Amino acid sequence: MEKITDKIAALPADSSYFSLEFFPPKTAMGFSNLRDRLDRMARALRPLFVNVTWGAGGSTATKSLELAEICQRELNLTTCLHLTCTNMSRKLIDRALEDAKALGIRNILALRGDPPRAAEYQDPNEDPEDAIDETFTWAIDLVRYIRNSHGDYFCIGVATYPEGHADESHPLGQSLEHDLPYLVDKTQAGADFLMTQLFFDTDAYDKFEKTLREHPSGAFKTIPIIPGLMPIQSYQMIKRTTKLSHAKIPDAIMSRLDEVRKDDEKVKSVGVDILCEIVDKVRELTSRTPGPAGFHFYTLNLEKAVSFIVERTNLIPSSTSIEDDGDAAVEDITSKIPTLQVNGSDHDRLSQPRDDSRSRRQSNVGSEPRNRVIISGRSVSHPEYEATSAEASIPAEPINSRANTLAISEGEGVLGREATWDDFPNGRWGDARSPAYGEIDGYGPSLHVSHAQAVSLWGNPTKLTDINDLFVRHLSGQLSAIPWSEEEFNEETGTIADRLIKLNQRGWWTVASQPAVNGLRSSDPVFGWGPQHGFVFQKAFVEFFIPSAQWQVLLDKLRSPEVQGQVTFYASNAAGDFVSSDLTGGAVAAGEVKESSTNAVTWGVFPGKEIITPTIIEEVSFRAWSEEAFGIFAEWAQVYGKGAESEKLLEKARADSWLVNIIHHDYVDKDALWNLLLG
């Protein structure tokens, strides 16, 4: 039950520390896998504390508290629970704080959340205790409330923005100078530490740090300021995240990423280099202020990149005497069972001294992951199968030692590959078993624009053909975004734009799609991705909203004998009804046994590698996404206010629509899907 500020104060003045942030996974399988990942990272990395995010308006309240309980109680990690206050009832805020107390959590990151919109979300018929409390407008209101209600029980952190905060989806008016008076008030209201938004521009952070430390109010002279950093997990993710957060990427960094943008492995490797350089630079900048230097990592529920970063920058703390005793206990247990070494890596810097007095002979490098042939007279050609006599004589570390756990988190060996199997996530098109499944930029589903911008982009639709026209304009390059995508479509989508336009002119509003590709080189300028000298493949699919009457006609066609087996489809509506070509969706013949399918719709074959499948469509992921997609639909309607003509139109369309995803398995015939839908 420790406070973050007490833990920081107990560190040597010249030391460094770090914290990690996690969000509640979208699926039950992802939640289970995150539990194992957290356990591994806790033992290997030893963060000073961890953060657990909280969905705007309390949307993830239950899952956030479940994850916080795992961190605080099961894993004994000092936990900081995020808490927003806008569009929430006072009852929910009180319950969250009491639940945090009950779990032994003494640290809260007090946030505002989405802009207050009580008029849109308030149900006039609900219990007054559950009514949105409109006195919570800014984070300072929550800071004051926690202090007044709970005194100094909680250690309270607040967010700050090195480059200035912007409510809109463009950085007009974004400036540190504009933020400063509000940050001073928020800090003086009772904040104990500051945690920054992600950034990549160290010059901007230098200015930010100096400005705060030298501010005439004195509010920031000694308060811990923890810089927030996001490991670069993929090219598209970092582009999207920085667009939404308005964090500038310096040209020198962007050019390094642009050079490798087609190869996810190289992007991640270059990203680790970049983050290590940023850590070293920020450590140098913060050395001007006495006290330990801290860093906060937005992990996005992934472990490999952040494990490399904290090891390479020497952020992993050495063992304390208490921890040494714990390791000794583990060592005593593991000395009684055969032990092994992960991928031949000893990570000597973190290893504990070996006890040469053990009576039981230890395993050696030749026993992981398989027995190796001991060779002499030549160098090792195949290290997975061969070992020199000197290597074969080296005892291995226990598998659950800290050093080996770190090696696993970094993806080494068979166990490492299993632990980091989802290291290249693909948003909502990734594997739903991954803790990182979904939009992994920390923002999640929403319009990502203000009401004024929404109206400017999409006008005031009053008939269904107005909505058709919006989608057609987007596909024609005349509109920069639609509610379900804040990005303009790419070159790949351009190859099927004429087909998509025809669907949208019918009133089938497309939100995702891709064309069929049969064995193009990985260097192809439009479709290529991954390492050199590979070949890439794609199955065509399309996802769209369709009126319920037209869906029934299309469903009959998809169920017909001449089409069955050629396609897989999933469909859901706002009421939660679901149908698919699998057994669980009820669209197969009575008595037929058919398991829920998993469909790899993009894959690549590369020299020296297993087949890589970055894009997957399956029932569990579609169900999770469809709920979010209809939520975005509702948010678009709310832009216009209750009772407005546009709001009525959009709500009626939402209630009458099915979201349908259709995959055609004939990737050799690039026209097969479009002939089926448009023929």
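I take partly exposed to mean a relative accessible area between the buried limit, under 20%, and the exposed limit, over 50%. The model I examined is predicted.

**Entry 1: Glu-69 and Arg-73.** I looked up Glu-69 and found a relative accessibility of 32%, so Glu-69 counts as partly exposed. Its side chain meets that of Arg-73 in a salt bridge, with 3.7 Å from N to O. Both residues lie in helix α3 (residues 61-74); because they are four residues apart, about one helical turn separates them.

**Entry 2: Asp-280 and Arg-283.** I then turned to helix α11 (residues 264-286), where Arg-283 and Asp-280 are three residues apart and therefore separated by about one helical turn. They form a salt bridge whose closest N and O atoms are 3.4 Å apart. I noted Arg-283 as partly exposed at 23%, and Asp-280 as partly exposed at 42%.

**Entry 3: Glu-177 and Lys-207.** I recorded a salt bridge between Glu-177 and Lys-207, the closest N and O atoms being 3.3 Å apart. This pair links distant parts of the chain, 30 residues apart: Glu-177 belongs to helix α7 (residues 176-188) and Lys-207 to helix α8 (residues 202-213). Glu-177 is partly exposed at 47%, and Lys-207 is partly exposed at 46%.

**Entry 4: salt bridges overall.** I noted 20 salt bridges in the structure. Arg-37, Arg-40 and Glu-303 are linked in a network of them.

**Entry 5: cavities.** I found four cavities of 30 Å³ or more.

Technical notes
Residues numbered from 1 in each chain as written. Predicted model: local features only at pLDDT ≥ 70, side-chain atom pairs only at ≥ 80, totals over all residues. Heavy atoms only, no water. 1 Å grid on protein atoms, 1.4 Å probe; cavity = no way out; pocket = protein on both sides within 12 Å on 5 of 7 lines; lining within 4 Å. Points joined across faces, edges and corners; volume = space filled by probe spheres on them. Salt bridge = Lys/Arg side-chain N within 4 Å of Asp/Glu carboxyl O. Helix = DSSP H or I, 4+ residues; strand = E, 2+ residues; numbered from the N terminus. Buried < 20%, exposed > 50% of the residue type's maximum accessible area, 1.4 Å probe, protein only.
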